[in-house]
Amino acid sequence: MKKKLATKVLSLILTGIMMASVTACGSGADSSSAGSSATQTVADPASDAGTAESTDAAPAEAAVPGEPFKIGVLVSDATSAEALGRRHYLEDYIAKAYNMVFVYSDELGDSAGEKAAIETMITNNCKAILSESSFDRPAQIEQCEAAGVYYAVGSGALDAEQYETYKGYTYYVGSVGPSDATEFETGYQMAKYYLDQGVRNFAIFGGATVYRNSMHVNRVAGMLKAMVDAGGEGASYQGMTDPGAIIGQLMADGEAKTGAIGDVTLSGYLGGYDMDDAWFAKGAEMVQAPGVEVLLAVGSGSDFFGTATNGTDVKIASVDAYAQDYYEAMANGSLDYLAGKFSAYDGPVFMALYRAVNGNPLRDPEGNAPAFDIGYWISTSAEGCKEMLDLDGDIDHPVWTMEELNALYDADYAAFEAFVGDYAFDRIR
Amino acid sequence: MKVKNLLLNIAPLIGLLILIAGYFVIGRINDINVAYGLKTIVNQSVVVAVVATGAVFIYTLGAFDISLGASTAVSALMAGIVYLKTESVGLMFLTAVCVAVLVSLLNSVLAGVFHLPVFVTTIAMLSVLNALALLLLNLGGTGSEIKVPQAAVKSLDTLWFKLLVLGAYFLFCFFLFDFTPIGRRQKFLGGNPLCAKLTGISLNRYSVIAFVICGLGVGLGAFLSIVYAPTLTRNTASSVGMDVIIAIVFGGMPVSGGARSRIYAAVIGAFSMSFLSQIMVMLNLNSGVGQMVKAAIFLLVVFIAAGERKMKTLPR
Amino acid sequence: MGEMKQARPTVLEVHHMIKTYGSTKALRDVSLSIREGEVRGLIGENGSGKSTVASIIAGMQKADSGSMTYRGKEWNPKTMIDALEHGIGMIVQESGTVPGISVAENIFLADVDRFRKGPVMNRRKMMEEARRILDDIGAEDLRAEMLTGALDIQSRKLIEIARVMRQDPQILVVDETTTALSHRGREIIYRIMRKMREEGKSVFFISHDMEEIMKECDALTVLRDGEIIRTFDRDEFEEEEIKRCMIGRELKGDYYRSDDDSQFDPEVVLEARHVTVPGGEPLRDFSIQLHKGEILGIGGLSQCGMHTLGKVLFGAIKPVDGSALIRGEQVKNEADAMKKNVGYVSKDRDSESLVLQAPIGDNIAAGGLDRFALGHILVTPGAEKAYVNAQIESLEVKCQSRKQYVSALSGGNKQKVVFGKWIGRGSEILILDCPTRGIDIGVKQAMYQLMAAMKREGKSILIISEEMAELIGMADRIAVLKEGRLEKVFRREEHPQEADLIRYMI
Amino acid sequence: MNRGRLSLGKRIFGTLAIPLFAFGIIFLVCAVRGVVLFETTRNWMAFFRATASVMLTTFALSINLNSGRFDFSIGSVALLSSVISSTLALWLDLPAGGMLLICILSGAVLGCISGGIYVISKLPPIIVSLGVTLLFEGAAFVLTDGYGVSFVTKAKLTGFPGVRNYLLVILVALAIMILIFDHTKFGYEYKALLSGQSVSVNMGIREIPNAIACYMIAGSLMGVVGFLSATNTGTIQMALNFGSIGVMFTAFLPMFIGGFIGRFSNDKLGYLLGGMIAAGISLMYAKLQMDSSVQQIVTALILVVFLIYLNNENKLVELRMLKARKTAKHRG
């Protein structure tokens, strides 16, 4: 008798917690729904279909070509302005326009995390995975293929070997992002910009080069190649001048070696994302080393090193995104050169997934999954940056609107490719 | 008194049952893929459950090991390197287990030889092992990862294999813990080391035994980690260390060890935490709120399971 | 002196005080009073409640029911410091100083406000004050800034005395303090007590030592099993009568051994050979032999080294010189001693003999795993249950079941569990260190009878005890230790008296 | 441990031996590798920043650890208080000083919450700290929507780093800690509770307020640590799932070193010197551009070797953390 009572009390308490947690999350979602998580804003796409269209003005006027569903988004970087910008576009524009739900993963740190996140997403009925995390792409693709869930690479690309392996997979939808060549060129142009100004001493932040991330490796290789080209007679990086060789060496080393490249000097190199005190100290030490004029960063340059260059003449060039933070960084001088993604970057890849789930997958003429190339917007002044930011920043009128994307719903491969290739700032403006 | 004791004993189990019920109810409402979800839960609990089950032996002694995650990582990395060299899954398995047992042994011997409290030793070992993991990535991998081909372990990445490993190891531990003098003596040591000493039970010997058993679990956990995600990085098993502590405590294991130690605490705790996490996801909580709710439930359950406290001074 | 006491008014009264710990009734309806200028002795066996009543008076704990009146007012101290501030101070039996701080800080423990200037402490003033107090009580060689942990027990007791005396208490409680003190330390206490008497203040003096209590007290209250048996005025003091009151009720059957026969087998089963152990309770080149079928008593003052001896013989302490032998073989460690069929009952029951937070069954079984586990490997619930229950039944442990936690048992039943652990595994040689400490008379008697029975079975027992009566009553031979050396061996036939033993202890 | 008995010379030697030895080695290594440790003001800045933050963390860790209370949550307190303060500072456009003040206050409040849960639940502190860590990390995540805080471009806040400011933080903190723990009633009671918990409580020292105060002080210190870290990088990274506990591990080596030095002088001074050693080592790493795996191994080995040395010294007074775990009770 007593035991029963106690059991009852206990279970009551526990159910109480459960209830409390349920309600707490409800209210928590309300108060914190400043645009964080689409999963909070639209709980049930099917039943909310009507209201979403009527309430939200701009994007919802056009007809939706297909059925809504849930997309899981894998992110290994959840906090950079670049990531935030693209999330903003997906959650606050696409989600409303197409009545979609985007389920974001936590910031992933390894392939086990990726796999667990995909499992959880599939459990929660995500019909497609948009992956911006690349610890183990093959594992992700295999996992999705096995589960019958569509998979696409956002803001990136598979390397050539992987593409060959997976391009024919039924559930592999493709990728939209800078190709390796584009990444190489981006790094090249960034370094060249300063080399042309006579800068001869650099430091490089190589980010995920240590993880053999091909995007970052190619950017760094481009930078090095530019130095080789500008370094005068006989200049080479570790005895190499050929882009392919430089890339191969970086892949082998996982980092760039410091030293002279002709009459250009690479004084410092830092990679990885340890982000602990020792790492920041190392970074500060690198940019403050005597002689360094410019830090070339594969990403997050002003985020990581902005305070360290504060009050010095060292300039930072970085690949990032068009976001208020970077505009401010450019305005106050902590960022000097920005090769940035814009927030609508993921529009086409969303459409590719949308088509696939709605039974209308896009394939290239050989019947393979497409791999579309897309580049960056580059600005070298605060004004230029501002202009691009203004174009990119208006969530009601994004760079790629619903109408434009809808046109891709039935587009053939060539039309899709042409659309994606037409990303340049001047063209879009 | 008796009833209350019984209740305290089964509180974690009740907690798990409520969580399971909650999972199904909320899952039903949200129309989730329940079958896939259960598989997900097993996948996400099994490593922690295995490692934590072994760790119960250490906790029973009233000791505390926070380096288990790191030693799981080091074992997995070593095993990965061995696979790359030999392409033998069997050797990889053996390596994982042997390395883990050796690391564990080192832990206990260090503690024994230098008479350091186990906890302090494991803090030092945590740093050493983390460093070792980085070194291994440099020596045996690309510096950032050691990539065991997925094909090598794919056939093992199945529900039944994981459950089999967990089940076998759990039964092994269950037997040692409840049906051999080892478990009895360890509980006794945890309850009162001085009295145990005067009952002929050597703390050093049983620490070593506990660490070896735990090392075995760590090795299995490391192997299962590879099976789950064969691309190993510095983040491999990084959350295991703390998850194990949480799981054990959540499962009703007293941190002071002793007679109230339960071998099944780890499994209950590990699965409870996974169900709880999945519920948080289903409720569309953002990770922060989810974690806060988890923390609150954790503290509450532990508080309930701890029972009445009438001491004059605060616990230390 | 008697008349003087009559004239003085009562300063503190205790009315119908009751206190229980778990299932143990520590105080059952105790009422007593003390007058100004009176030194009152409290005497009784362990567990009689004398320390409990004293600690309640001094604010260390609270009674379950009953009331106290101090100087005509309701007395209900919150803490010891609270009590001290109102004039009642206590020097406690167990260590009451904090090791990690200075002597001065210990003297003013929990009462440092007086040295505060704003938020900041005036350390110098504290040291000065401490020095003055130490001088006052005659402990000039203690320095106020010394680290307490580095001092010996005697000096630490003096700190406690200083802590209490600095408040100039009206009533002082001295709880078995003198056992830890040397002659000089004792003199300091006696002097303080006498001075208090002269100043019209009162003292409760709790001691084991009948001699000092009869010498220093004006009156003497005997407690037994939580009840007051009788209060003696100084002119009624008579040792035998007091003792009879302490031991109490007419016990049916034999209390100690009935036989006078100190026969035992000449075979030496346990031996200390030239054992030297340094430390607070040292042994110096100590040798003794226990024979088969013998009950060997070891007596002496608490710090004389006899407790060390027990641990050395059991392999728990390794001597720096000499050796402990069981049937001629050197003891390696505790496990080795157990293998050689030796059992050891520690004097610190709660901290060394039992796991309080564990069931009775676990405690008994822990000693016998090598006995009932199949092939030393498999512990079956059935075998364990049978093993444990056999002990519970044969020793008549009062409990609900073997699953009950030991912490809920009374002292006597706890000790039965300890015995069960050793007897269950069939120990041939038992080392019993203060086996009857804090146990009620009834259980004590059972224990004594058990020992006698074991002797008859040819088992050997080494009994270490601070209670001389117990040694005299039980042992075939009694070895008296003093400062780590063997001082004297009495044989049972000699019928030694307590006074004889004491003569060799001091 | 009994300082009174040591001569002044011995005390000075004992206090400075380890730091001098450590810096000797550091300078030697740098000289061999042809690197100047303190080349620019930036180097001094990095050095003193690391000193300050390691020293404060060590204080925060040791306050409770010395009393047998292991606290995993100090890192999460630093995280959450810096999130709260930077958010407020950005919102109200406060200068760095204002942010520092809010950091200290919010740290104290968070410490109070953590201590409060401990004294109310009477659970072992290590368990409470596990829950609290999750709670605070979650709260920081919720407050920033998981995005962290970035104020790289807010010169008002990122202008704080500077040798003068760091020195000021170090000296003020050291002075306050010495004042609080050596010269106040709280400090006296703290020391008494530390080595004689039950005696002190029996004598009437109120343990609960003392414990809560300890948590509040540790919280404030970690608030400052959070502030230093945030103003240094201009960003606050989120941490979930115990991602915040890493900070704590920076404090162990300095704590043991400090405890050792404390035998000869004041343990707080020891923590400062320990912090300086740690800062010197990490500056050396940065200067040598040493690989992080090598760094970690070296640091880990130093810790292990020092622990072993301490143990052979056999005077492990500072390892009172033993008390935290029952196993440590080797009294026999």
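**Questions on a predicted four-chain model**

Visitor: At about what angle does helix 8 of chain A run to strand 11 of chain A?
Guide: In this predicted model, helix 8 of chain A (residues 180-196) lies across strand 8 (264-270), strand 9, strand 10 and strand 11 of chain A. Its direction relative to strand 11 of chain A is about 160 degrees.

Visitor: In what order do the seven strands of the open sheet in chain A stand?
Guide: The pairing in this sheet is mixed. From one strand to the next, the twist averages 25 degrees. The order in chain A is 7-8-6-9-10-11-13.

Visitor: Which strands of chain A stand at the edges of the sheet?
Guide: An edge strand here has a single partner strand, so one side of it is left without a neighbour in the sheet. That holds for two strands of chain A, namely strand 7 (259-261) and strand 13 (377-379).

Visitor: Which residue is the bridge partner of A:A203 in strand 9 of chain A?
Guide: Strand 6 (residues 201-205) and strand 9 (residues 294-297) of chain A run parallel and are joined by four bridges. Within strand 9 of chain A, A:A203 has as its bridge partner A:L295.

Visitor: Which strands of chain A does helix 4 of chain A touch?
Guide: Helix 4 of chain A (residues 81-98) packs on the sheet, and its direction makes about 25 degrees with that of strand 10 of chain A. The strands touched are strand 10 (315-321) and strand 11 (337-341) of chain A.

Visitor: Which pair of chains has the most contacts?
Guide: Five pairs of chains touch. Chain A and chain C do not touch, and their nearest C-alpha atoms are 18 Å apart. Among the pairs that touch, the most contacts are between chains B and D.

Visitor: Which element gives the largest share of the side of chain D that touches chain B?
Guide: On this side, 55 residues of chain D are in contact with 49 residues of chain B. The elements giving two or more residues are helix 4, helix 5 (125-143), helix 9 (197-203), helix 10 (207-233) and helix 14 of chain D. By class, the chain D side has 30 nonpolar, 16 polar and nine charged residues. The largest share, twelve residues, comes from helix 5 of chain D.

Visitor: Which residues of helix 13 of chain C meet helix 8 of chain B?
Guide: From helix 8 of chain B come B:P181, B:R184, B:R185, B:K187 and B:F188. The residues of this contact divide into five nonpolar, no polar and four charged. On the side of helix 13 of chain C they are C:D362, C:A365, C:A366 and C:L369.

Visitor: Which element of chain D has the lowest mean pLDDT?
Guide: Chain D has a mean pLDDT of 84, and 91% of its residues reach 70 or more. Over residues 315-332 of chain D the pLDDT is below 50. Among the elements of chain D, helix 4 (residues 96-121) has the highest mean, 93. The lowest mean, 74, belongs to helix 14 (residues 292-313) of chain D.

Notes:
Residues numbered from 1 in each chain as written. Chains lettered and ligands numbered in written order. Predicted model: local features only at pLDDT ≥ 70, side-chain atom pairs only at ≥ 80, totals over all residues. Contact = placed C-beta atoms within 7 Å. Nonpolar A, V, L, I, M, F, W, Y, C, P; charged D, E, K, R; others polar. pLDDT = per-residue confidence, 0-100. Pairing = 2+ DSSP bridges. Axes fitted to C-alpha atoms, helices over the stretch in contact; angles between N-to-C directions.
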